[in-house]
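Hello,

Please find the structure below. My notes follow it.

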Amino acid sequence: MRRGTADISPRSAEVLRFVVDFKRAHAGDGPTRREIAAGGEIPSAADVQYHLQVLERRGLLRVGEGGR
């Protein structure tokens, strides 16, 4: 497991995995919250936002301007 991911929920880990895979497949461009919700079968953008905040607080990703 990647350093720092042991203390996150399985859903947050799934969001992180989706973001990493998306960026690899799209020349480094990050997904929107809607794309994350659709790709991870997450019911709302608010749920996605929560998981992104968890990941950002733990230093596992940085949310850019424009929500990407």
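Read along the sequence, the protein runs α-α-α. That makes three helices and zero strands. Helices here are DSSP runs of H or I with at least four residues, and strands are runs of E with at least two, numbered from the N terminus.

The model is predicted: local features need pLDDT of at least 70, side-chain atom pairs count only at pLDDT 80 or more, and totals for chains, interfaces and linings use all residues. Residues are numbered from 1 along each chain as its sequence is written, and side-chain values use heavy atoms, with hydrogens and water left out.

Of the 68 residues, 32% count as buried (under 20% relative accessible area, 1.4 Å probe, protein chains only). The accessible surface comes to about 4,700 Å² (Shrake-Rupley method, 1.4 Å probe). Carbon and sulfur atoms hold 49% of that surface.

Now contacts, meaning heavy atoms within 4.5 Å. Take those between residues at least 6 apart in sequence: 54% join residues at least 24 apart.

S12 sits in helix α1, residues 10–25. S12 is buried, at 1% relative accessible area. Leaving aside neighbours within four places in sequence, S12 contacts H51, V54 and L55.

F22 is also in helix α1. F22 is buried, with a relative accessible area of 12%. The C-alpha atoms of F22 and I36 are separated by 9.1 Å. Those two residues lie 14 apart along the chain.

Best regards

Conventions: Buried < 20%, exposed > 50% of the residue type's maximum accessible area, 1.4 Å probe, protein only.
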